[in-house]
Amino acid sequence: MMTAAPARIVERYGSIRAFEQVYGSGELMHPLASIYSDPPNVWLTSFYGFRPEEWGLIGFTPENQRGTFIAKTRPGVLVIVYGATGAAKDEVGKVIGIQQCSHQIGPTQSFMSPAAWIAKERDPNNRERWNFAVKAVRAWRVTPESRMDIRDFAPEATASGAWQHIGSQGVPLSRQEALRILKLDLQEIEVYGETPILASVSGTARQILAPTKAGPVSQSPYVVAEAEGPKHLYILRLQGDMDAFLGEPTHGKHVVKAGFSRSPITRCNDFNRALPKCAFRWEVLHSGSQAGSEPYPSSGHAKAGELAMQDVLRRPPGGCSLGGEFFLAKADLISEAWQNGNLAAKTHGKNESEINSLSIGRKSGTCTGEE
């Protein structure tokens, strides 16, 4: 994959340099041009978390470190972010996000939300830190399923073990390290001060970072559609007091959502971000990625599985529809829906004899119906 991508660029544009001229000639170098340029316009640093919607910047403590970053990069530089000690437990030492930065500089307060600035200033450990900023313009969160250990992602950049230096100043990545971005699955997310994103979905880095035709700059929030490609089935379950949530007795039934996505965990996180701070949270109850299985090869397969799950979940008396992809169902019905959904996804497009073979396998215990 890492050698095929530059070959396709050359096939279409004639050379890597020509590609850079097409997509790197404006104010900001295009993300793929930053990856393929020689040397790559890609740097590495660490954050305590990845919240571009609040921190629309990369910050430096001494001003001269910001000057070095500006001098050694080009506008549109990609900054790979891994979780430093102090980040969430499942993010420490993992590649968690990517920011594209301009060369616009200013005080940190100019590029972050007022609430985040107040929280920073109230923390005596952070009050005097990261006050010299470079503005971010776009950002992508790495899906939890595709996060890489930073030592595997950037073995050359991290070989010295100078973690404090990497976190405070950042370091450039080699060509092979920059190309590993294409191994990640990404979801574009909002950057503070930039055009809001109402909703987005995950996909391969190649899909998400692909060049798009130039046009008028949007001044309105926009929605990013999920690209075609492999998909996992999932069932999310809402945690909390369901009687209070629905305003009537549920008799032990669960509120669930059945669907498909390239990254079920990201999908679950999106639903939780849409909730206010409250006693209710979504959790991934079932997913192909959680089970360690390969995704189904297309959205057609996954759609067949989704419809099969929904047919079971709406079946009375154990289940009923709450509208759209949401259902109220008993635990045993949810388990049946998951099994039926996976069987339907597996058999999508197969002939009757193949379907019967799979069904016999399920009954004999040789096939669970779950990828």
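Accessible areas come from the Shrake-Rupley method with a 1.4 Å probe, and for residues only the protein chains shown count as cover. On that basis the accessible surface of the protein comes to about 18,000 Å², of which 53% belongs to carbon and sulfur atoms. This is a predicted model, in which local features need pLDDT of at least 70 and side-chain atom pairs count only at pLDDT 80 or more, while totals for chains, interfaces and linings use all residues. Residues are numbered from 1 along each chain as its sequence is written, and side-chain values use heavy atoms, with hydrogens and water left out.

**Overall make-up**

- The protein has 14 helices and 15 strands; helices (H or I, at least four residues) and strands (E, at least two) are DSSP runs, numbered from the N terminus.
- Of the 371 residues, 47% count as buried, where buried means under 20% relative accessible area, exposed means over 50%, and partly exposed lies in between (1.4 Å probe, protein chains only).
- Among contacts (heavy atoms within 4.5 Å) with a separation of 6 or more, 72% are between residues 24 or more positions apart.

**Confidence**

- The mean pLDDT is 84, and 82% of the residues reach 70 or more; pLDDT is the predictor's confidence in each residue, from 0 to 100.
- Residues 20-26 stay under 50 in pLDDT, and the model gives them 15 contacts beyond four places in sequence.
- Residues 213-220 are also below 50, with three contacts in the model beyond near neighbours in sequence.

- Five strands form an open sheet in the order β13-β11-β12-β15-β14, with antiparallel pairing; two strands pair if DSSP finds at least two bridges between them.
- In general, strands of a sheet pair through backbone hydrogen bonds, either parallel or antiparallel.
- The edge strands of the five-stranded sheet are β13 (281-287) and β14 (319-323), each of which pairs on one side only.
- On average, neighbouring strands of this sheet are turned by 35° against each other, direction ignored; axes are lines fitted to C-alpha atoms, for helices over the stretch in contact, and angles run from 0 to 180 degrees between N-to-C directions.
- Four bridges join β14 to β15 (residues 326-329) in the antiparallel sense, and S321 stands opposite F327 in β15.
- Helix α11 (residues 264-273) lies across β11 (232-239), β12 (254-261), β13 and β15, and runs at about 160° to β13.
- Helix α13 (residues 331-347) packs on the sheet as well, touching β11, β12, β13, β14 and β15, and its direction makes about 165° with that of β11.

**Strands β3, β4 and β5**

- Strand β3 (residues 77-83) pairs with β4 (residues 95-107) in the antiparallel sense over six bridges, and Y82 has V95 in β4 as its bridge partner.
- Strand β4 is also joined to β5 (residues 132-142) by eight bridges, again antiparallel, with Q99 opposite A139 in β5.
- A87 sits in the loop between β3 and β4 and is buried, with a relative accessible area of 12%.
- Leaving out residues up to four places away in sequence, A87 touches F47, Y48, G49 and V92.
- A87 and F47 are 40 residues apart along the chain, and their C-alpha atoms are separated by 7.4 Å.

**Backbone exceptions**

- Most residues other than glycine have a negative phi, and most peptide bonds are trans.
- D38 and P39 are joined by a cis peptide bond with omega of about 0°; P39 is in the loop between α3 (31-36) and β1 (42-47).
- P316 and P317 are also joined by a cis peptide bond, with omega of about 5°; P317 is in the loop between α12 (299-313) and β14.
- W130, which is not a glycine, has a positive phi of about 60°; W130 lies in the loop between α5 (114-122) and β5 and is buried at 18% relative accessible area.
- H251, not a glycine either, has a positive phi of about 55°; H251 lies in the loop between α10 (242-246) and β12 and is exposed at 70% relative accessible area.

**Cysteines**

- The count of disulfides is zero, a disulfide being a pair of cysteine sulfur atoms within 2.5 Å.
- C268 is buried at 5% relative accessibility, whereas C278 is partly exposed, with a relative accessible area of 39%.
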